[in-house]
Amino acid sequence: MPRFDVTVAGELNLDLILYGLPEQLPPERELLADRMMLTLGSSSAIVAHNLAALGSRVGFQSRIGDDPLGQIALERLSQAGVDTSRVRHVPGATKSGLTVILHHAAWRNILTYPGTIAELQWDDLDLDYLADARHFHLSSFYLQRALRPRVAELFQRLKSKGLTISLDTNDDPDDRWEDDLEGALRYVDILLPNEREARKIARTDDLESAVRKLAELVPLVVVKLGRDGALAQRGKERFTSPARRVNAVDPVGAGDSFDAGFLHHYLRGADLPTCLEKGNLAGALSTTRPGGTEAFRDAEYRERFLREHAAVSERARS
Ligand SMILES: Nc1ncnc2c1ncn2[C@@H]1O[C@H](COP(=O)(O)OP(=O)(O)OP(=O)(O)O)[C@@H](O)[C@H]1O
Ligand SMILES: [Mg+2]
């Protein structure tokens, strides 16, 4: 039996969120926030963290700088039970990535120092370690600047060892959506974009055409639709599932949490409607606390939320 359910290779950094700043940010003034939160950021790390919080066995590979912020991010992952023994600490001028989010009432500034995120490369990876799993997940294709030219080869190697593969590209910060993704898609079993990403990858403005086109490239396409829940297309079969009604306070990491909820149940053999429902549930849970992992880190809160919402779906079915 493989050591892990899922291995993930990707980026690891913290999010620093400041609340209550003035709407205008004039230069040279000292501007006061009334609340701050330092929380685990980055799509790959959030997926790994939340998969482990749900009970999957997860191995994680990444590159971080030799700095305290990278160390804190690493501790957060380990606390959730993720194996981080193969994360590389690389001393030098490049520090671990950091995102600073200035949270205003109706909008946010998102400032990112990519740091080591863009420097994770083929030589940092231990293929035997990554292959010792049933499934491999990759997030943030477009942020993995150094690894990106070899992602297709990585997928091909892992697939030849019998793993299934999922990919959540997330956004392309350059908004170029170059066609090198297509080589990687040949090996992908589950593609997990949001609606905009699905349209961009398929090069069409129409979501329906995008889903049909993507379903010809990969066996299973799962599109996250924010407050509208999610849909899945497997060949000619279509499944949809509505979002949960919750008091959402922060959408950051909802998509990554959806991935974790969906994959956790998919790997336990659940049918597609159940996987979609569990993905929506995990996405909704994430929105009830700041950042992408706070709602999952608090085990008592997480389990109570999942229990209460499972009871709601049971009642809706009967
Ligand atoms: N306001 C909300 N209420 C309930 N559920 C939500 C809400 N927003 C998001 N979700 C859930 O989270 C899932 C993923 O959210 P979304 O579609 O925003 O993904 P995303 O754009 O990939 O997010 P990310 O910014 O994390 O990459 C949705 O499919 C839905 O189930
Ligand atoms: Mg996303």
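**Around ligand 1**

Colleague: How do the residues of the shell around ligand 1 divide into nonpolar, polar and charged?
Modeller: This is a predicted model, where local features need pLDDT of at least 70, side-chain atom pairs need 80 or more, and totals for chains, interfaces and linings use all residues. Residues count from 1 along each chain as written, chains are lettered from A and ligands numbered from 1 in the order written, and side-chain values use heavy atoms, without hydrogens or water. With Ala, Val, Leu, Ile, Met, Phe, Trp, Tyr, Cys and Pro as nonpolar, Asp, Glu, Lys and Arg as charged, and the others, Gly among them, as polar, the shell splits into 7 nonpolar, 9 polar and 4 charged.

Colleague: Which residues come nearest to ligand 1?
Modeller: There are 20 residues around ligand 1, each with a heavy atom within 4 Å of it. The nearest are Asn 194, Gly 226, Gly 229, Gly 255 and Asn 280.

Colleague: Which elements give two or more residues to the shell around ligand 1?
Modeller: The space that ligand 1 takes is the largest pocket. Two elements each give at least two residues to the shell, α8 (254-266) and α9 (272-287).

Colleague: What kind of pair do Phe 136 and Phe 155 make?
Modeller: The whole structure holds 6 aromatic pairs, meaning Phe, Tyr or Trp rings (six-membered for Trp) with centres within 6.5 Å, stacked under 30 degrees, edge-to-face over 60 and tilted otherwise. Here the centres are 6.1 Å apart and the planes at 70 degrees, so the pair is edge-to-face.

Key
On a 1 Å grid over the protein atoms alone, a cavity is a set of points where a 1.4 Å probe fits but cannot get out, and a pocket is an open set with protein on both sides within 12 Å along at least five of seven lines; lining residues have an atom within 4 Å of a point. A molecule sits in a cavity or pocket if more than half of its atoms lie within 2 Å of its grid points. Helices (H or I, at least four residues) and strands (E, at least two) are DSSP runs, numbered from the N terminus.
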